[in-house]
Amino acid sequence: MNRFAARLVQENVVLRHGRPEILQVNVGKLCNLTCVHCHVNAGPKRKEIMTRETINRIIHWLARTDIPTVDLTGGAPEMIPDFRYFIEQVKALQSERHVIDRCNLTILRETGYQDLAEFLATNRVEIIASMPCYSAGNVNAQRGEGVFDGSIAALQLLNSLGYGIDPELPLHLVYNPVGAFLPPSQEELEVDYKRELKKHFGIVFNKLYALTNLPIGRFASYLRHNNKLDEYMELLISAFNPATIDGLMCRNTISVGWRGEVYDCDFNQQLGMQWSSDGESKPLFLWDIDPNLLEDREIMTGDHCFGCTAGAGSSCGGAISSLS
Ligand code: SF4
Ligand code: SF4
């Protein structure tokens with residue numbers, strides 16, 4: 001039993017899926033950036049991307065469900081050739097679904113993508129954008145030289161299209177620590193972000209999500225390289241907060257990989273913890289799953305899960321509870 005599972009036993013909790021509300025699809029590892037904290041090990045040379053055939057199978061499955069939200073992530077999800085096709089197919093489904101694009105901002109200004117922001121606005125796609133700090137030094141250190149200026153220009157473009165202003169065009173930013181520490185209070189940080197981005201660049205946005213870096217992928221390599229992996233793990237374990245368990249994203253999310261494989265969350269996906277059929281070792285793909293049998297399925301855990309329950313907790317929608 002891993003340490004997280006043992007802690008749940010101690011807390012008398014069994015972690016199980018509830019009603020699925022979000023289908024999170026990781027369309028691949030291709031990205032224009034190579035951030036230090038990346039848990040996906042994404043980058044410009046990665047070849048793993050979702051094909052149109054897989055998209056069609058996902059859409060077909062989704063049509064049989066009433067899951068209201070499709071959350072597209074990557075890599076830079078916008079870089080797969082069928083990104084727009086995917087969104088158009090979701091929007092063409094009979095019952096209306098909401099689409100989220102997890103965007104690194106800089107992609108919106110790359111050659112070949114300049115009309116993408118307008119496409120997203122036309123299709124009322126919510127944008128959740130990475131912005132690890134409101135100062136250039138921290139952003140460039142984590143994400144690469146020039147990323148801060150590119151992100152600012154992209155945010156200004158999104159504002160000019162109504163993002164962050166029109167209630168139908170939500171624009172949320174994501175903060176994550178630039179190093180081996182937990183995020184500070186999300187509420188306080190949001191106030192700082194709003195003040196600084198407005199004052200210096202005239203930028204507005206809706207909410208700030210403060211996420212904890214999980215010790216997997218490139219961030220785990222970074223910690224290992226700096227001899228900080230054990231220390232960081234201890235920090236996460238010592239900050240375990242049982243009040244975060246009800247709000248863990250794995251409870252209402254199904255995570256799908258670029259080949260259609262199914263996982264409990266994007267982190268388990270990066271660790272290869274694919275669902276398999278009960279009692280067999282047959283790996284499961286989305287189209288193998290009966291949508292009516294998702295609820296109450298047990299969630300696979302590992303030591304990395306302590307990253308979701310540390311302090312105020314961390315999910316795709318930011319902190320789970322307030323820091324006391
Ligand atoms: S963190 Fe996001 S933007 Fe950075 S390399 Fe990974 S997928 Fe790309
Ligand atoms: S990493 Fe977080 S979201 Fe994923 S299974 Fe563990 S607790 Fe749930």
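Colleague: Before we start, what conventions apply here?

Modeller: This is a predicted model, in which local features need pLDDT of at least 70 and side-chain atom pairs count only at pLDDT 80 or more, while totals for chains, interfaces and linings use all residues. Residues are numbered from 1 along each chain as its sequence is written, chains are lettered from A and ligands numbered from 1 in the order in which they are written, and side-chain values use heavy atoms, with hydrogens and water left out.

Colleague: Which residues surround ligand 1?

Modeller: The shell consists of Cys31, Leu33, Thr34, Cys35, His37, Cys38, Ala42, Gly75, Asn104 and Arg143. A residue belongs to it if one of its heavy atoms lies within 4 Å of the ligand.

Colleague: How does the shell around ligand 1 divide by class?

Modeller: There are five nonpolar, four polar and one charged residues. Ala, Val, Leu, Ile, Met, Phe, Trp, Tyr, Cys and Pro count as nonpolar, Asp, Glu, Lys and Arg as charged, and the others, Gly among them, as polar.

Colleague: And what surrounds ligand 2?

Modeller: Ligand 2 has Leu248, Met249, Cys250, Cys265, Phe267, Asn268, Ile299, Met300, His304, Cys305 and Cys308 around it. Nine of these shell residues are nonpolar, two are polar and none is charged.

Colleague: Changing topic, which residues of H9 are buried?

Modeller: Leu229, Tyr232, Met233, Leu236 and Ile237 are buried in H9. They lie on the same side of H9, because they cover an arc of only 135 degrees around the axis, taken from the directions from the helix axis to the C-beta atoms. Buried means under 20% relative accessible area, exposed over 50%, and partly exposed in between (1.4 Å probe, protein chains only). Helices (H or I, at least four residues) and strands (E, at least two) are DSSP runs, numbered from the N terminus.

Colleague: What is on the other face of H9, and what covers the buried residues?

Modeller: The face turned away from the buried side carries the exposed residues Asp230, Glu231 and Ser238. The cover over the buried residues of H9 includes H1, H8 and helix H11 (306-309), where contact means heavy atoms within 4.5 Å.

Colleague: And which residues are buried in H3?

Modeller: In helix H3 (residues 83-91), the buried residues are Phe83, Tyr85, Phe86, Ile87 and Val90. Among the elements covering them are E1, helix H2 (52-63) and strand E2 (69-73).

Colleague: Where is asparagine 227, and what is its phi?

Modeller: Asparagine 227 lies in the loop between helix H8 (217-225) and helix H9 (229-238). Its phi is positive, near 60 degrees. Most residues other than glycine have a negative phi. Asparagine 227 counts as exposed, at 70% relative accessibility.

Colleague: What about asparagine 12?

Modeller: Asparagine 12 also has a positive phi, about 65 degrees, although it is not a glycine. Its loop runs between helix H1 (3-10) and strand E1 (22-26).

Colleague: Finally, is glutamate 196 buried or exposed?

Modeller: Glutamate 196, in helix H7, counts as buried at 15% relative accessibility. Not counting residues up to four places away in sequence, glutamate 196 touches Tyr134 and Phe201.
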